[in-house]
Amino acid sequence: MKLLLLPNIDKPHVRSCISRLTAMQFSQPVEFLMENKLAARFGEIPGLRFGELEQLMAESDVCIAVGGDGTIIHGGKIAACHARPVLGINLGHLGFLATLESDQLEQIGRLLTGEYTTEKRMMLRVTLETPSGVRSWQAMNDAVLSKGGPLNRMIGMSIDNRGRTVGSYRADGLIFSTPTGSTAYAMSAGGPIIDPAINCIAMTPLSPHSLFSRPIVFDDESSLSVCLSEQDAKAYLTIDGEESVPVWPRDRLFIEKSEIAVTLINLTGKSFYDVLNEKLIWRSRK
């Protein structure tokens, strides 16, 4: 089995985790792969083979994201484009998506014996049409349209779904999230927690001007269209907290269910609700 390692190099214990992982004994031959640009950081660790990411992705059987939820989201989107499943090892804090903690590495042997389950996580296809061209992204967590400039300024936004008006909003922004992203920024903004087995798109207003502007959950066949309704407005589109681009009134934003999905590996057998309760209890104690 070939395992492609996708580590977050900013995590303090990532090197020791990789070293322990590659030193483990397995019942079958295992080869650990890592992209070339990480050789300077991890090249001295025995048992790693380096190469170009695209080639390694094609060779690999499983991608292992070592870090926090952000690492799993970033790696998951790459893996989804190549139809490869993702296993998450948590080196972060909450870790809603990781199936293993760093002290549970011995359970990785279950990958070889098939003692695991998988689940599909839907993504969003986010498209921004501007006078200068079209850009598209895949979002595993969310796409956030938020204000820029003065803190006391709201932005006006109008939303359609398949050509029918949903409504107009004055707010600090809007969060469009997948069920996976419902436990991230959207939850902090008062959005619903959604079972990831349900395919849908949740829209959560950020600090709306009207008390009656509530979150809305759309079915997975929805095609949402968003534009800024004020001629002097400017906003920013952020995809999974990674990339942020300006949005102007002349632009139009489209949000739909993506044609590809992320496959997550679960080695522990814990359900979404088991993890949710554990993590929310942890958060409340902190």
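1. Basis. The model is predicted: local features need pLDDT of at least 70, side-chain atom pairs count only at pLDDT 80 or more, and totals for chains, interfaces and linings use all residues. Residues are numbered from 1 along each chain as its sequence is written, and side-chain values use heavy atoms, with hydrogens and water left out.

2. Cavity. The count is one cavity of 30 Å³ or more. A cavity here is a set of points, on a 1 Å grid over the protein atoms alone, where a 1.4 Å probe fits but cannot get out. The largest cavity holds about 40 Å³. Volume means the space filled by probe spheres set on the points, with points joined across faces, edges and corners. Its lining is Phe 96, Leu 97, Arg 121, Pro 179, Thr 180, Thr 183 and Phe 272. Lining residues have an atom within 4 Å of a point. By class, four are nonpolar, two polar and one charged. Nonpolar covers Ala, Val, Leu, Ile, Met, Phe, Trp, Tyr, Cys and Pro; charged covers Asp, Glu, Lys and Arg; the others, Gly among them, are polar.

3. The largest pocket has about 290 Å³ of space. It lines up with 20 residues, and the closest to its centre are Phe 96, Ala 98, Thr 99, Thr 268 and Val 275. A pocket is an open set of points with protein on both sides within 12 Å along at least five of seven lines. Elements giving two or more residues to this lining are β6 (100-101), β7 (117-130), β18 (252-266) and α7 (272-285). Helices (H or I, at least four residues) and strands (E, at least two) are DSSP runs, numbered from the N terminus. The most comes from α7, with four residues. The lining has eight nonpolar, six polar and six charged residues.

4. Aromatic pairs. There are two. Rings of Phe, Tyr and Trp (its six-membered ring) pair if their centres lie within 6.5 Å; planes under 30 degrees apart are stacked, over 60 edge-to-face, the rest tilted. Phe 26 and Phe 32 are tilted, because their planes stand at 50°, with ring centres 6.3 Å apart. Both Phe 26 and Phe 32 are buried. Phe 272 and Tyr 273 are edge-to-face, at 5.2 Å centre to centre and 70° between the planes. Buried means under 20% relative accessible area, exposed over 50%, partly exposed in between (1.4 Å probe, protein chains only). Phe 272 is at 19%, so it counts as buried. Tyr 273 is at 44%, so it counts as partly exposed.

5. Charge over a ring. The charged end of Arg 41 sits over the ring of Phe 42, 6.0 Å from its centre. The rule asks for NZ of Lys or CZ of Arg within 6 Å of the ring centre and within 35 degrees of the ring normal.

6. Cysteines. The whole structure has zero disulfides (cysteine sulfur atoms within 2.5 Å). For Cys 81, the nearest cysteine sulfur is that of Cys 63, 11 Å away. Cys 81 is exposed at 54%, whereas Cys 200 is buried at 4%.

7. Single residues. Pro 208 lies in the loop between β13 (200-206) and β14 (216-219). Pro 208 is partly exposed, at 26%. Its C-alpha is 7.8 Å from that of Gly 173, 35 residues apart in sequence. Leu 124 is in strand β7 and is buried, at 0%.
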